[in-house]
Amino acid sequence: MLKYFLFFLLACMSILTADDKIEIYASSVKSKNNIVYADGGVTVVYKDYFLTAQRAVYNQKTKDLELFTKVRLNHNKKYKILGNYAKLNLAKKERYFKPLYLLENKSDVWISANEGESKGVFLDITSGSVSGCDPVDPLWTMEFSSSDYNTDSKWINLYNARLYIYDIPVFYTPYFGYSLDTTRRTGLLKPSFGISSTEGFYYEQPFYIATQNWWDLEINPQIRTTRGKGLYTTFRFVDSAVSHGEFKAGYFKENEDYYLRYNLQNQSHYGFNFKYDNTNPLNQWLGLDLPGQSGIYADINHMNDVDYINLAQNNNALQQATATQVLSRVNIFYNTNDNYIGTYFKYYEDLTLQTNDNTLQKLPTVQYHHYVDTFFKDHLLYSFDVQSNNIQRIINKKVIQTDVNLPVTLQTPLFGEYINLSYKANLYLQHSQFSGHEQNPIPGFEYHDGFYASNYHTVAVSTQLTKGYENFSHVVGLEVRYNAKGWSKKDGFYKDNMDYCSDFTNKADPNYAQRCEFYNIATIENDTQINFQQYFYDSSAQEIVYHRLSQNISYENTKERYGDLENELDYKITSFLSYYNNMFYNYKEKKFSKILNQVSFNRYGVKIALSHLYKNTFLPKTDTYTPYTSYLTSNVKYTYNKHYSYNTSYNYDLESKERKSFSFGFLYTKRCWDFGVQYTENNRPVLTTVGSTSSSVYDRFIYLTVVLKPLMKANAGSSFLSYKLPDDTK
């Protein structure tokens with residue numbers, strides 16, 4: 001052992017060059033005329049470079065190092081370069097490899113080429129191929145005529161790139177550049193392609209700008225050869241440690257032929273969205289040191305029609321909008337342990353209308369709330385709330401409505417806290433001040449300013465009992481509330497409308513919606529509310545069953561003494577199967593007014609979610625109104641193994657006999673790539689000209705998903721190529 005150790009020491013040489021040191025280890029090391037010859041398992045160490053080869057020659061004058069046979073370079077544990085021959089000048093950071101095999105350790109991306117030469121951090125590579133798959137029979141490769149790679153920024157450029165799936169060429173681009181790490185940087189993002197029989201060839205090429213850490217900008221130009229062209233942008237920023245925001249804007253111009261063919265209301269679609277969130281604006285902006293918490297949240301939207309949203313969704317029908325109303329809001333508040341002050345702005349845009357002049361807006365709502373306070377050792381509780389809504393629109397009547405609530409509660413436990421007894425007196429006031437004029441006034445009816453004031457009393461008795469068993473525990477709760485109306489006083493609008501608007505059978509009257517649109521008084525009756533709840537928990541404290549029964553009994557409405565009986569059940573049958581039910585039974589009609597059923601299953605790689613909603617208002621059916629709602633939704637996903645998964649979804653309106661959406665597809669995924677096909681249908685609204693019979697379009701798409709990992713990121717909401725089938729206009 002000592003003999004071999006002495007031999008190893010003799011076969012090592014350290015060569016000093018100024019402040020740097022090159023260490024050469026080998027079975028045999030010789031030096032002649034300033035040239036070092038090393039043979040047999042050569043290892044060279046220089047700074048953060050670690051090189052191995054079968055044989056090496058080092059020129060101490062020129063600082064050139066030549067390596068022969070099974071050459072490997074490991075730089076700072078970040079990447080490896082392999083070859084049969086290499087010539088390096090480590091002092092000048094000049095390297096030449098032939099052939100070249102480079103492996104980036106973190107991303108597992110490899111490059112194989114005829115030769116490569118680098119100076120500093122730049123590596124120029126001749127013709128070769130790149131992939132993130134297993135080098136032995138890779139699933140995909142991208143071949144190129146030349147390439148350059150920055151070993152510092154980990155950015156690689158490929159020229160005349162050809163994508164191969166196994167040995168089949170599927171795509172060509174004269175240039176392709178990407179990053180091998182996740183650092184934000186300026187450059188091109190993954191493009192989207194599509195083919196449509198009505199919109200032509202679709203192409204979107206996102207461009208990303210990130211020159212500073214506190215902001216970035218994404219620009220998304222798109223072209224639909226038959227339909228038109230447009231541009232969407234997203235600007236994101238972080239302006240402080242407690243605030244951040246995002247601004248989106250876009251514009252799309254329809255071709256004249258497409259615009260006329262589909263009778264669209266607008267030839268140009270445009271809009272914007274601004275989001276901002278700040279969790280401490282008062283102290284930050286005003287330089288204050290207030291206790292408590294302040295905040296501002298903004299989500300402001302504007303668009304001229306719904307197609308602005310649909311055209312911004314990367315041609316993915318699964319993400320296309322079916323909502324017909326857009327909400328903009330700004331919330332500002334200041335909150336302490338005792339008090340809350342807030343103001344809220346809400347602005348609605350109805351995308352099915354050609355004008356938004358008659359849409360009601362809340363600009364603004366102002367609220368003050370005093371949190372629950374106590375007297376007499378928590379036996380007496382009170383709070384206070386006042387809220388004023390400025391309900392505005394351009395035409396027709398407007399109103400400023402102010403609500404005041406002052407509840408006072410006296411409570412005490414009885415019989416060792418087995419029973420809880422409480423009494424609450426609640427004072428409620430509302431005032432309405434009208435302005436504006438109705439364009440089509442109701443004959444014989446006028447709006448008058450008015451106020452409504454009332455108080456009511458509530459006596460509540462409740463109990464909650466818990467008992468443990470060997471494998472589960474049972475919790476039972478029962479509460480009985482008796483509400484007794486007190487005095488009330490009304491004037492103006494409330495005196496004119498209370499009896500009429502409180503009777504829901506008047507909804508069949510064509511004037512009801514206009515006359516009662518500002519009436520929102522909840523009628524207080526002498527009634528009793530009974531609520532029963534029970535829970536079952538297993539031995540690990542996981543909820544198995546939640547069950548609730550609720551019944552309201554009126555002592556004034558003899559026609560409908562018993563309100564709807566509500567039954568709610570959430571039953572986790574097993575760890576993988578659950579059932580939820582919520583239903584309301586109407587005694588007068590002897591029918592259910594609402595039934596919601598949901599079933600979910602998750603086991604053996606299968607995920608199933610099924611739901612059905614049924615509602616009946618029991619009002620007369622007209623040409624424009626139906627009292628029934630019957631809606632079915634379903635989602636199924638099956639993961640066969642770690643590579644194959646299948647999915648389908650189906651949403652259907654049983655009342656209108658209209659299919660809302662449908663999709664099915666599969667995804668094949670491996671370590672280095674994903675491949676999937678998806679067929680999707682989606683019923684979306686469109687804004688058309690007056691008199692047009694088309695109010696919705698049934699989109700049908702076929703999506704092809706190709707994700708080359710790690711060059712691309714898997715995203716369920718995006719596809720590589722889409723084909724839009726002919727529209728089914730309704």
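## Disulfides

Let's start with the cysteines: the count comes to 2 disulfides, a disulfide being a pair of cysteine sulfur atoms within 2.5 Å. This is a predicted model, so local features need pLDDT of at least 70 and side-chain atom pairs count only at pLDDT 80 or more, while totals for chains, interfaces and linings use all residues. Residues are numbered from 1 along each chain as its sequence is written, and side-chain values use heavy atoms, with hydrogens and water left out.

The link is right-handed, with 85° about the S-S bond. Cys-133 sits in the loop between strand S13 (128–131) and strand S14 (140–144), and Cys-672 in the loop between strand S43 (658–669) and strand S44 (673–685), so the pair ties together parts that are 539 residues apart in sequence. Helices (H or I, at least four residues) and strands (E, at least two) are DSSP runs, numbered from the N terminus. Cys-133 is buried at 2% relative accessibility, and Cys-672 is buried at 5%; buried means under 20% relative accessible area, exposed over 50%, and partly exposed in between, with a 1.4 Å probe and protein chains only.

The other bond joins Cys-501 to Cys-516, at an S to S distance of 2.0 Å. Its torsion about the S-S bond is about -85°, so this disulfide is left-handed. Cys-501 belongs to helix H5 (residues 493–502) and Cys-516 to the loop between helix H6 (512–515) and strand S35 (527–538), so the parts tied together are 15 residues apart in sequence. Both ends are covered: Cys-501 is buried at 2%, and Cys-516 is buried at 8%. With the bonded cysteines of the chain numbered in sequence order, the pairing reads 1-4, 2-3.

## Strand pairing

Two strands pair if DSSP finds at least two bridges between them. Strand S32 (residues 419–435) runs antiparallel to strand S33 (residues 450–468) over 13 bridges, and Ser-422 stands opposite Ala-460 in S33. On to the next partner: S33 also pairs in the antiparallel sense with strand S34 (residues 472–490), over 16 bridges. There, Gln-464 has Gly-477 in S34 as its bridge partner. A hairpin through 3 residues joins S33 to S34.

Strand S3 (residues 28–32) and strand S4 (residues 35–46) run antiparallel and are joined by 5 bridges, with Ser-28 opposite Asp-39 in S4. Their hairpin has 2 residues between the strands, and Asn-33 takes a positive phi near 55° in it.

## A nonpolar surface patch

A nonpolar patch of about 1,000 Å² includes Leu-410, Phe-415, Tyr-423, Val-459, Leu-465 and Tyr-555 among its residues. Patches are made of residues with over 30% relative accessible area and no salt bridge; like charges are joined within 9 Å, and nonpolar side chains (Val, Leu, Ile, Met, Phe, Trp, Tyr) within 5 Å. The areas come from the Shrake-Rupley method with a 1.4 Å probe, and for residues only the protein chains shown count as cover.

Strand S31 (398–414), S32 and S33 each give two or more residues to this patch, and S33 has the largest share, with 3 residues. Phe-415 lies in the loop between S31 and S32 and is exposed, at 65% relative accessible area.

## Aromatic rings

The count comes to 49 aromatic pairs. Rings of Phe, Tyr and Trp (its six-membered ring) pair if their centres lie within 6.5 Å; planes under 30 degrees apart count as stacked, over 60 as edge-to-face and the rest as tilted. The rings of Phe-274 and Tyr-276 have centres 6.3 Å apart and planes at 5°, so they are stacked. Phe-274 is partly exposed at 25%, whereas Tyr-276 is buried at 10%. One aromatic cluster includes Tyr-428, Phe-434, Tyr-452, Phe-493 and Phe-518.

## Salt bridges

The whole structure holds 19 salt bridges, where a side-chain nitrogen of Lys or Arg lies within 4 Å of a carboxyl oxygen of Asp or Glu. Arg-162 meets Glu-143 at 3.7 Å, N to O. This pair links distant parts of the chain, with Arg-162 in strand S16 (residues 155–165) and Glu-143 in strand S14, 19 residues apart. Arg-162 is partly exposed at 27%, and Glu-143 is partly exposed at 28%.

Arg-481 and Glu-479 form a salt bridge at 3.3 Å, N to O, and Lys-660 and Glu-658 form one at 2.9 Å. Finally, Glu-199, Arg-224, Arg-227, Glu-254 and Asp-307 are linked in a network of salt bridges.
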